[in-house]
Amino acid sequence: MTVSADTVSESDTIPVPELEQKATACAKRLRAAERVLVASHIDADGLTSAAIAVQALKRADIPCEAVFANQLDAGEVKRIAASKYDTVLFTDFGSGQLDIIDPYVRNGDFEAVIADHHQPAMTHDDNPAFSLQYHLNPLLVGIDGASQLSGAGASYILAQALEGDTTETDNRDLAALAVVGAVGDMQSSTDGLTGANAAIVEQGIAAGVIEETTDILIYGRQTRPLPKLLEYANDVQIPGITNNESGVAAFLDDIDIPIRSDGEWRRWIDLTMDERQTVVSGLLNRAIASGVSAEQVNDLVGTTYTLTTEAPGTELRDVSEFSTLLNATARYSRADVGLAVCLGNRDAALTEARHLLQTHRQNLSEGLQWVTAEGTTTESNVQWFDAGGRIRETIVGIIAGMAVGAEGIRDDLPILAFAEKSETKLKVSARGSQQLVRNGLDLSTVMQEAASAVGGEGGGHDIAAGATIPINERSAFLEIVDKTVGEQL
């Protein structure tokens, strides 16, 4: 994207001033590299983080390649070191693995640049001899990485620094991907994105790539037929409508909203503003009359984000649908497809991503049915289930989050999900709620401490975290987790 000098002001550069110094240092090191290996996580935040980095590096004429991993463990870092790149840019992970990366930096295997938002494994205060110099992380400057800035947001700030002093490059269009990453990382609430994320939104709006509006907060506004949009609206359970096909049909008929036009299903985006208001009012009245709590009723409407350069009616137009599409690629070993979509491929890559999304939705549905049928085991302070090999370890955390509050599954306890990662290892995914976090829950610390105690590795955010542990240590791990969560709450 090329712009004239008068279109970019000083305020358009680094949207988070507290990170400017660190971002500038990282960008300077990257510009000195002959080529860069971008290594990133595989979820929506990781894919958008990598895509932002790749775009910014290419615009700065720095050759690069991207690789992805579900978990950055010792084996993965060793493989990265064997790639013989002299500079590696870690995005959406790396901070929690500083102790693994640091020896390779000391040995001269590669120079590491990290743009992450997870809890650092150590700092210079922990280890004065710590050698890593190029570390961009909001937590290092007092900004919450779980709710205020995503991995994609950290990459975006680095991209802004990579512009340098020239006005020929404007990376503000990459704010669109940063918002997709933040929403995919569950950092958006009813009021939208806040803090450093909100500053990035402002730049995206100024660049003409993001539109912020108040709308119904139901997934599928762009693509789902209106009846299915309401039937599958699980975030706010409305008796007689949620998971009730005939109830939805009767509701729409009662409020006189046509569901077809010229033989085609109408979607939310096809409704007039008056029709949308009618539907929202009807849902609110039905929810209140059915005894839905005021807090849940308020969650029906809030801040939404639209990517204005994407085609209306597609999964890429709405940030929530975009992030789900990305989750459906790398979690099925096709990170290349997700990256290609982020980089603008709207042909073969988008077609394949849509196919993977269909598979993803089916697997989530089947996994959720299994969990709700089997239920969870409740300890003093947590609940858990072990899917074994029934659910892919790459999606078991998503299913755990979806299960909370479903029939028979409590919403007042953190939930842990176990799945087989290999013959010798278990993947653990932990999910909490904003209320539990407000009460003191920090699953990142819980996963780190419990996994370390049984010979595994863990980390993440306060509201969502994960670990990999030896397959025979589940009971010991659970005991430590239950005790630690009890102490926190």
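Which residue with a positive phi follows α2? The residue is D61, and its phi is near 60°. This is a predicted model, in which local features need pLDDT of at least 70, side-chain atom pairs count only at pLDDT 80 or more, and totals for chains, interfaces and linings use all residues. Residues are numbered from 1 along each chain as its sequence is written, and side-chain values use heavy atoms, with hydrogens and water left out. Helices (H or I, at least four residues) and strands (E, at least two) are DSSP runs, numbered from the N terminus.

**Helix α2**

- Helix α2 covers residues 44-59, which makes 16 residues.
- From its first C-alpha to its last, α2 reaches 22 Å, close to the 22 Å expected at 1.5 Å a residue; the expected span is 1.5 Å times one less than the number of residues.
- Of the 16 residues of α2, 14 are buried, so the helix is largely enclosed by the rest of the structure.
- Here buried means under 20% relative accessible area, exposed means over 50%, and partly exposed lies in between (1.4 Å probe, protein chains only).

**Salt bridges**

- The whole structure holds 18 salt bridges; each is a side-chain nitrogen of Lys or Arg within 4 Å of a carboxyl oxygen of Asp or Glu.
- One of them joins D215 and R276, with the closest N and O atoms 3.5 Å apart. D215 sits in strand β6 (residues 210-216) and R276 in helix α10 (residues 273-289), so this pair links distant parts of the chain, 61 residues apart.
- D215 is buried at a relative accessible area of 13%, and R276 is buried at 16%.
- Another joins R221 and D318, with the closest N and O atoms 2.4 Å apart. R221 is in the loop between β6 and α8 (226-231), while D318 is in the loop between β9 (301-307) and α12 (319-330), and the two are 97 residues apart.
- Both ends of that pair count as buried: R221 has 9% relative accessibility, and D318 has 3%.
- D386 and R474 also meet in a salt bridge, at 2.7 Å from N to O. D386 lies in strand β11 (residues 383-386) and R474 in helix α18 (residues 474-488), so the pair ties together parts that are 88 residues apart in sequence.
- D386 is partly exposed, with a relative accessible area of 22%, and R474 is partly exposed as well, with 26%.
- R334, D336 and E352 are linked in a network of salt bridges.

- Strands β11 and β12 pair in the parallel sense over four bridges; two strands pair if DSSP finds at least two bridges between them.
- F385 has A417 in β12 as its bridge partner.
- Between β11 and β12 the chain passes through helix α15 (residues 396-403), and this β-α-β crossover is right-handed. Right-handed means that, with the strands pointing away from the viewer, the path from the first strand over the helix to the second runs clockwise.
- Strand β12 (residues 415-420) is mostly covered, with five of its six residues buried.
- β12 also pairs with strand β13 (residues 425-431), in the antiparallel sense over six bridges.
- F418 has V428 in β13 as its bridge partner, and a hairpin joins β12 to β13 through four residues.

**Annotated region**

- UniProt lists residues 396-486 for "domain: DHHA1", in an unreviewed entry. UniProt positions are given in the numbering used here, feature names are shortened, and annotations may be inferred rather than shown by experiment.
- Over residues 396-486 the chain is 41% helix and 26% strand, and the end C-alpha atoms are 24 Å apart.
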